[in-house]
Amino acid sequence: MLSRRALMLSTAAATAVTGLRGQASRGNPDETLKTDVCVIGGGSGGAGAALAAARGGADTVLVEFESILGGTSTNAWVNTWEPVSGADGLPREIYAAMRQDPLGVTYADYSRGAHRVVFKDGKWQRGGHHRLPREPRAFNYFVREMLEATGRCRVLRNTIFYRAHRRGDTIEAVEAWFCGRRLRIEARIFIDSTADAELCVDAGCDVHMGEDPRSRYQEPTAPETAEMQLNGLTLCYRIKDTGVKQPPWLPKEIPEGVCRKPVHTVVLPNGDHLLNAVGMIDGNAVLEMEYSELPREAYRRVLEHFYWLQQLPPGDRWNRWAPKGYGTWAIAGVAPRIGVRESRRVLSD
Ligand SMILES: Cc1cc2nc3c(=O)[nH]c(=O)nc-3n(C[C@H](O)[C@H](O)[C@H](O)COP(=O)(O)OP(=O)(O)OC[C@H]3O[C@@H](n4cnc5c(N)ncnc54)[C@H](O)[C@@H]3O)c2cc1C
């Protein structure tokens, strides 16, 4: 098992949590909130949990570290859904809301699934894969409005959970921090949607990381013995067609060839391409690399990755969404957060 400290390094939020826990003994909190349900983490999972709880009649508090809702799907720019048969309920409702924003989502036909676009016979057409690109701001805005409309959900953004208070087997309160203010939140039910099991870990639950040995769950494809290999990390980025030739650019200090990775591409509502270079960085880097170094290294790989794509001849597998290749394209933005595909798993009954 890895040390707790190593596990904590998996996200920026987690790093901040580590520091804040040290402050927990400093007197009383500045404010106490009492509620039925408290959800920690406002990513896709937590936003959905809070919405369902509030609509079900529970007074709800949603605690989110970032300034926008959506977690990985907005802050790490994994802003594309793959709605398949059965992806109904809240996703469909959120999708319908986002359509009100003309540049909110790429497609208008949720029920048929969203296909990748391909440029064929001189125009954009539906391609083979089911994808539903959307803009992070649209998700954040409409989900925030839906939560507000319940009249029962208080959304605390830029607020970080750092401590659970337990009585026996029950969590009776958590502490969170917002702009120098320490909050105590008491609730009947707590939901951990931090993706890193922050609340579960602080409450004393067991967690696993890495690949399970085959003997644990009898999964035929599992390795014989446990292996500490996490799924790869990706810093997603978006590119734009500038319409004029762009000389490929790579800063001198970045070696050529460090990031020639397969890429998943989707076309965003405004025509930008969102690029997800699979396995850009080994997943174990969250444990092994100095955290301040990780975002820097990821950014360097984005630059090298696009430098490579820009020079591929038109018609290559990796630039096929741009019929003339990427020679006139440029990087238009890089996700604020590295996409972490895997961290802890909570052991439950
Ligand atoms: C590059 C990439 C590609 C992917 N591709 C696919 C795909 O093709 N198909 C698919 O189904 N899935 C895919 N995934 C996985 C999918 O994106 C995630 O499973 C999903 O977004 C996780 O949602 P979540 O709500 O559980 O967690 P997150 O979205 O990570 O949300 C967790 C939230 O908790 C907050 N938080 C954490 N700690 C604290 C704290 N202490 N206090 C307050 N808030 C806190 C975080 O800020 C965050 O907003 C991909 C992931 C990545 C990174």
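Two strands pair if DSSP finds at least two bridges between them; strands (E, at least two residues) and helices (H or I, at least four) are DSSP runs, numbered from the N terminus. This is a predicted model, in which local features need pLDDT of at least 70, side-chain atom pairs count only at pLDDT 80 or more, and totals for chains, interfaces and linings use all residues. Residues are numbered from 1 along each chain as its sequence is written, and side-chain values use heavy atoms, without hydrogens and water.

**Exercise 1.** Find the pairing partners of strand S14 (residues 273-277).

Step 1. Strand S13 (residues 263-267) pairs with S14 in the antiparallel sense over five bridges. In this pair, Val-266 stands opposite Leu-274.

Step 2. Five residues lie between S13 and S14 in their hairpin, where Gly-271 has a positive phi near 95°.

Step 3. Strand S12 (residues 237-241) is also antiparallel to S14, joined by three bridges. Here Ile-239 has His-273 as its bridge partner.

**Exercise 2.** Decide whether each face of S14 is covered or open.

Step 1. Take buried as under 20% relative accessible area, exposed as over 50% and partly exposed as in between (1.4 Å probe, protein chains only). Five of the five residues in S14 are buried.

Step 2. In a regular strand the side chains alternate between the two faces of the sheet.

Step 3. His-273, Leu-275 and Ala-277 lie on one side, Leu-274 and Asn-276 on the other; both faces are covered.

**Exercise 3.** List what Leu-309 touches beyond its neighbours within four places in sequence.

Solution. With contact meaning heavy atoms within 4.5 Å, the list is Tyr-237, Val-263, Leu-275, Trp-318 and Tyr-326.
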